[in-house]
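Let's take a walk through this one, starting with a strand and ending up at a helix.

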Amino acid sequence: MKRIEFLKAPMDIATMQETVSFIENRIEQKQFLQHVVVNVAKIVNMQKDSVLAESVKACEVINIDGMGVVFGARFLGHDVPERVAGVDLFHELLAMSAKRDFPVFLLGATDEVVSKTVSKVKAQNPNLNIAGYNDGYFWDDEEAVVTKIRESGAKLLFVAITSPKKENFINKWQDKLGVDFVMGVGGTFDVVAGKVKRAPQWMQKAGLEWLYRVIQEPGRMWKRYLKTNTKFLMLLLTEKFK
């Protein structure tokens with residue numbers, strides 16, 4: 001995979017299949033791999049949040065999740081073949097894990113959501129070995145959850161917690177998790193469990209998933225996306241014409 005730097009953020013140029021194959025190979029070799037995806041909001045936040053920036057830069061694989069980043073990188077002359085959306089990669093890695101008998105651990109969301117997610121992914125992948133799961137409300141005793149993950153025997157850990165908490169948690173505890181692969185998956189469990197609907201394919205391809213989120217939750221989302229999208233556009237134009 002080819003790594004580039006885009007608006008001070010490192011990221012890897014790779015297809016979905018290249019990403020899955022790379023991760024599978026590293027797990028097979030028992031080489032620890034930390035994964036993260038970047039989107040418009042994360043790139044904007046990395047400009048001022050040095051802890052988040054360092055947590056992202058510490059990852060061995062940094063995929064481009066949002067189409068806004070794909071379009072922006074192409075605008076600055078980078079050859080980006082496709083995006084590797086976190087929710088899609090999650091499903092691909094679960095399918096791979098079921099075939100290879102790699103145990104997985106799911107961490108994050110509410111207890112109801114993570115339980116539903118476990119049921120859904122088991123139905124989709126009957127041979128999947130789920131070593132354990134836990135909700136994302138454990139901040140009063142992080143070490144106990146880290147111990148639970150380590151003792152589960154999981155090879156892959158998926159962390160469905162908001163940024164920058166998940167990136168910083170992973171970076172802080174990576175040496176004690178006992179897994180070969182760890183990936184932050186944000187709101188993926190909410191989507192899998194049916195709590196949040198994903199945008200239609202045409203909106204995903206057009207880079208309009210943010211608009212779909214605003215339509216679903218206008219009171220909570222419109223200010224967030226207005227702020228981050230505007231800042232991203234300014235960063236992009238500044239970089240292009242400096």
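Start with strand E3, where both faces are covered: Leu 33, His 35 and Val 37 on one side are buried, and so are Gln 34, Val 36 and Val 38 on the other. Buried here means under 20% relative accessible area, while exposed is over 50% and partly exposed lies in between (1.4 Å probe, protein chains only). In a regular strand the side chains alternate between the two faces of the sheet. Helices (H or I, at least four residues) and strands (E, at least two) are DSSP runs, numbered from the N terminus.

Before going on, a word on the source: this is a predicted model, where local features need pLDDT of at least 70, side-chain atom pairs count only at pLDDT 80 or more, and totals for chains, interfaces and linings use all residues. Residues are numbered from 1 along each chain as its sequence is written, and side-chain values use heavy atoms, with hydrogens and water left out.

Now for the partners of E3. Strand E4 (residues 61–64) runs parallel to E3, joined by 4 bridges, and there Val 61 stands opposite His 35. Strand E8 (residues 181–184) is also parallel to E3, with 3 bridges, and Val 182 is the bridge partner of Gln 34. Two strands pair if DSSP finds at least two bridges between them.

Next, look at Thr 188, which sits in helix H9 (residues 188–192). Is Thr 188 buried or exposed? Thr 188 counts as buried because its relative accessible area is 4%. Leaving aside neighbours within four places in sequence, Thr 188 is in contact (heavy atoms within 4.5 Å) with Gly 86, Val 87 and Phe 90.
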